[in-house]
Amino acid sequence: MNYGCQSMTGKIEAILIKRPEEAFISQENLNANWKKFNYFGCPDYEKVIEEYNEFEKFIKENIPDVYYLKQDDRAGLDSIYAHDPLKVTKKGAIYFPMGKELRGREREATREYLESIGIPTLGEIKAPGKMEGGDVLWIDEKTVAIGRGYRTNDEGIRQFKELTKDIIDEYIIVPMPHGDGEDCCLHLMSIISFVDTDKAVVYSKYMPVFFREYLIEKGITLIECGDEEYDYLGTNVLCVAPGKCITIAGNPEITAKMRDAGIDVTTYEGKELSYRGTGGPTCLTCPLYRI
């Protein structure tokens with residue numbers, strides 16, 4: 001199959017997702033595990049299914065090839081957020097030992113599945129290196145920004161550079177803030193989502209000045225998200241093609257700003273599915289092939 005995803009805005013032709021029946025499994029499983037996964041309250045399983053069906057409908061209507069991960073004992077609740085255990089380059093997938101210990105073996109299940117459908121492995125980040133997919137942001141095919149924070153460390157970045165040195169020309173290392181602490185999920189992609197080739201939704205309060213200036217110098221229009229909507233995943237926007245996106249409902253101001261900027265935006269109800277586990281539409285998906 002075709003693979004390679006060194007872009008945040010190219011049209012997605014193939015994508016990997018995991019349905020809640022395979023990750024959350026049941027209300028009983030959620031009741032027993034949500035606290036240790038640090039969720040904002042226990043998700044309502046039936047509502048999760050409803051919300052996911054709405055989200056999946058958009059995915060299937062806009063992306064030709066949709067692949068599904070299955071339930072696996074090596075993966076817990078967070079495996080519904082399929083984005084973080086890997087990145088798919090034009091030379092194959094790179095797998096990550098994630099900073100969140102409960103997700104430590106998730107990459108093994110994902111790797112087995114993707115190799116079974118024909119996506120080769122370029123390599124994996126090995127301990128003591130740490131890295132998560134949400135910290136790896138493609139600026140363009142040859143340029144990547146990497147968030148250095150609690151989930152991605154210097155050794156992980158060093159290994160990623162070594163694996164990709166033949167296909168990447170520039171690495172921009174972006175120091176991440178402490179935010180709400182070590183246990184909270186704060187990725188580089190928590191504060192920026194490209195919504196078109198020259199537009200990005202951002203939360204500038206958490207963005208280093210040099211990186212914000214870099215984006216502006218590159219000609220990127222920054223669509224600013226406010227504090228309240230940032231807290232409700234307002235900066236987590238999945239671009240499925242240039243200028244065509246999906247984001248969580250409940251953030252009217254940033255949604256209006258995107259539409260005013262010419263972006264075609266679809267929203268889905270995601271309080272139980274996305275907000276509880278801090279995983280918006282980018283987190284729910286792992287693009288495998290963009291053109």
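Where in the chain is Leu233 found? Leu233 turns up in the loop between α7 (227-231) and β12 (237-241), with helices (H or I, at least four residues) and strands (E, at least two) taken as DSSP runs numbered from the N terminus. The structure is a predicted model, where local features need pLDDT of at least 70 and side-chain atom pairs count only at pLDDT 80 or more, while totals for chains, interfaces and linings use all residues. Residues are numbered from 1 along each chain as its sequence is written, and side-chain values use heavy atoms, leaving out hydrogens and water.

Although not a glycine, Leu233 has a positive phi of about 65°. Leu233 is buried, at 9% relative accessibility (buried is under 20% relative accessible area, exposed over 50%, partly exposed in between, with a 1.4 Å probe and protein chains only). Asn38, not a glycine either, has a positive phi of about 65°. Asn38 sits in the loop between α2 (27-33) and α3 (45-62) and is partly exposed, with a relative accessible area of 38%.

Then there is the backbone at Pro128, which a cis peptide bond joins to Ala127, with omega about 10°. Pro128 belongs to the loop between β5 (121-124) and β6 (136-140).

As for nonpolar cores (sets of buried Ala, Val, Leu, Ile, Met, Phe, Trp, Tyr and Cys residues joined through side-chain atoms within 4.5 Å), the largest has 47 residues, and Leu137, Phe160, Ile192, Phe211 and Leu215 have the most contacts inside it. β6 gives the most to this core, with four residues. A second, separate core of 29 residues includes Leu77, Leu238, Ile248 and Cys283.
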